[in-house]
Amino acid sequence: MLVLYTLLIALLSWTSFNLEDNSSKGLLTLLNVILLTVPLVSVLFSTIYIYNSSEFIELMLSQPVPRKTIWFSLFSGLSVSLVFSFLLGAGIPLLIYAETEKATMMILIGILITLIFVSIAFLSSILFRDKAKGIGMSVLLWLYFAFLFDGIVLFLMFQFSDYPIEKIMVAITALSPVDLSRIMMLMQLDISAMMGYTGAIFKDFFGTGFGLLLTFLLLVAWIVFPFTFSLFKFNHKDL
Amino acid sequence: MIEVKKIVKKFGKLLTLDEVCLQLNKGECIALIGPNGCGKTTLIKSILGMVLPEQGEIFFNHKTIKKDFTYREKIGYMPQIGRYPQHITIGQVIQMIKGIRNSDAEMDEELFNKYQINKILDKRMGTLSGGTTQKVSATLAFLFNPDVLILDEPTAGLDPLSAEILKEKIISEKEKGKLILITSHLLSELDDLVTQLIFMQEGKIIFHKNVELLKAETGENKISKAITTFLKKTIN
């Protein structure tokens with residue numbers, strides 16, 4: 001399963017670079033591809049894995065092992081495998097075709113997004129006893145972050161286009177880890193000029209060292225909060 | 001050794017454990033019996049920390065078990081239906097548990113040998129019959145020589161020979177002074193094993209008595225008869 005994922009990412013990465021003339025366009029294509037596939041595979045694979053591990057978890061619970069350790073080790077195991085697959089699939093073409101700075105940013109984003117969606121998977125699985133509902137929830141969340149969120153944002157932008165909403169727009173992006181990462185990467189690619197006025201505002205905020213740091217911290221928060229909440233639920237669950 | 005103090009557990013609207021109080025001491029082999037759904041498994045799971053009661057406390061060797069996990073080193077648990085990851089082998093399960101327990105104490109391999117587990121170490125858990133899975137569970141429960149053994153319907157699913165091997169093992173552990181807690185519906189099987197009886201109904205302890213005393217009081221020789229006679233007397 002993970003091998004297929006690595007191959008898929010590798011395929012997408014290599015084609016992204018080979019279809020475009022310059023590496024910037026290739027990077028942009030790859031960015032969008034990564035922001036679509038990595039969340040889906042991470043959340044789906046993890047959710048299914050957690051539900052399938054329920055027997056293992058039961059076995060561990062009667063042993064002298066704290067619940068925290070069980071939950072954490074599941075998380076680490078999943079994260080490491082998924083991140084490794086990503087690095088193998090996308091890391092190599094990135095380092096070959098793109099400049100080191102930009103490649104590093106993309107790799108960092110891939111890792112963060114993987115961890116965020118694994119974390120979200122843990123939350124879905126602990127909230128729903130039923131496997132089907134849990135998987136449904138995970139897929140729904142992916143749809144929301146990958147598509148719906150941007151749709152809603154665009155809609156709001158049009159509705160309120162007469163008002164000075166730029167600062168609010170910046171704040172709203174914090175609500176979606178996918179958008180946060182996309183912007184982080186776009187700043188690196190220096191094509192914010194194409195985004196017009198909004199681009200300029202974004203560049204003003206996200207382009208700065210402070211903005212970048214804040215974005216990074218927000219992404220880390222997106223990893224920490226869902227997982228911590230799922231851990232809390234796991235610690236209080238009856239099995 | 002184990003003290004249960006007024007634990008209350010509700011599953012939704014269902015009151016599964018109603019202020020249960022118990023004192024379980026070393027050297028006793030205690031049978032926990034009662035009608036289906038009376039709370040036996042919930043009580044056991046509460047002692048193991050798998051179920052978290054809303055009220056009350058449970059003490060293991062005078063220490064509260066809340067937020068503790070090390071006390072489980074001293075407990076060997078044999079579940080009613082053993083749940084194991086399906087794709088790993090018996091050998092791998094045993095290795096995994098050994099690794100987790102990290103126990104320096106000598107292993108008790110009597111059941112391992114008597115059930116001839118070494119011949120089936122390469123079989124995957126998913127391919128085992130129910131009875132064989134139970135044998136694995138039994139082996140694991142006794143393997144680390146724990147002070148306390150909690151066995152949930154241990155002989156259910158075992159063939160008569162294997163059940164007999166397990167019963168002999170329980171008797172020998174009892175004689176070593178361990179605390180053994182057994183739930184079972186097969187009262188006849190318990191006759192030679194148990195020293196105390198706990199009868200539960202609808203989340204409450206109806207009685208907790210010494211078996212010899214119960215037999216004497218009711219004038220019955222068999223546990224099943226003694227229980228029914230005693231219950232009839234208390235109801236009237």
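**Confidence, fold and contact**

Mentor: Start with confidence: chain A has an average pLDDT of 83, and 92% of its residues score at least 70. Keep in mind that this is a predicted model.

Trainee: Where in chain A is confidence lowest, and where is it highest?
Mentor: The lowest is helix 9 (residues 196-206) of chain A, with a mean of 64. The highest is helix 4 (residues 67-97) of chain A, at 90.

Trainee: Switching to chain B. How many helices and strands are there?
Mentor: Chain B has eight helices and 10 strands. Its radius of gyration is 18 Å, close to the 18 Å from the globule rule for 236 residues, so chain B is as compact as a globular protein of that length. Along the principal axes, its C-alpha atoms fill a box of roughly 55 × 40 × 30 Å.

Trainee: And how much of it counts as buried?
Mentor: 38% of the 236 residues of chain B. Of the contacts in chain B with a separation of 6 or more, 71% are between residues 24 or more positions apart.

Trainee: OK, the sheets. What is the strand order in the four-stranded one?
Mentor: The order is 2-1-4-5 in chain B, an open sheet with antiparallel pairing. Strand 2 (14-24) and strand 5 (63-64) of chain B each have a single partner strand, so they are the edges, and one side of each has no neighbour in the sheet.

Trainee: How many bridges join strand 1 to strand 4 of chain B?
Mentor: Five, between strand 1 (residues 2-11) and strand 4 (residues 55-60) of chain B, which run antiparallel. B:Lys5, for instance, has B:Glu57 in strand 4 of chain B as its bridge partner.

Trainee: Which strands does helix 1 of chain B lie across?
Mentor: Helix 1 (residues 40-48) of chain B lies across strand 1, strand 2 and strand 4 of chain B, at about 60 degrees to strand 2 of chain B.

Trainee: And the six-stranded sheet, what order is that?
Mentor: That is 6-7-8-3-9-10 in chain B, open again, with mixed pairing. Strand 6 and strand 10 (204-210) of chain B are at the edges with a single partner strand each, so one side of each is left without a neighbour in the sheet. Ignoring direction, neighbouring strands of this sheet are turned by 15 degrees against each other on average.

Trainee: What packs on that sheet?
Mentor: Helix 4 (residues 130-143) of chain B does, touching strand 6 and strand 7 (148-152) of chain B. The direction of helix 4 of chain B makes about 175 degrees with that of strand 6 of chain B. Helix 7 (residues 211-218) of chain B lies across strand 9 and strand 10 of chain B, at about 90 degrees to strand 10 of chain B.

Trainee: Is B:Ile75 buried or exposed?
Mentor: B:Ile75 is buried, because 23 other C-beta atoms lie within 10 Å and the cut-off is 20 or more. B:Ile75 belongs to strand 6 (residues 75-78) of chain B. Beyond its neighbours within four places in sequence, its contacts are B:Leu48, B:Pro146, B:Val148 and B:Ile150.

Trainee: Last topic: how many residues does each chain put into the contact?
Mentor: Chain B puts in 15 residues and chain A 13 residues. On the chain B side, helix 2 (residues 90-101) of chain B gives the most, with three residues. The chain B residues touching chain A divide into 10 nonpolar, one polar and four charged.

Methods:
Residues numbered from 1 in each chain as written. Chains lettered and ligands numbered in written order. Predicted model: local features only at pLDDT ≥ 70, side-chain atom pairs only at ≥ 80, totals over all residues. Helix = DSSP H or I, 4+ residues; strand = E, 2+ residues; numbered from the N terminus. Rg over C-alpha atoms; globule rule 2.2 N^0.38 Å. Buried ≥ 20, exposed ≤ 12 C-beta atoms within 10 Å, placed from the backbone. Contact = placed C-beta atoms within 7 Å. Nonpolar A, V, L, I, M, F, W, Y, C, P; charged D, E, K, R; others polar. pLDDT = per-residue confidence, 0-100. Pairing = 2+ DSSP bridges. Axes fitted to C-alpha atoms, helices over the stretch in contact; angles between N-to-C directions.
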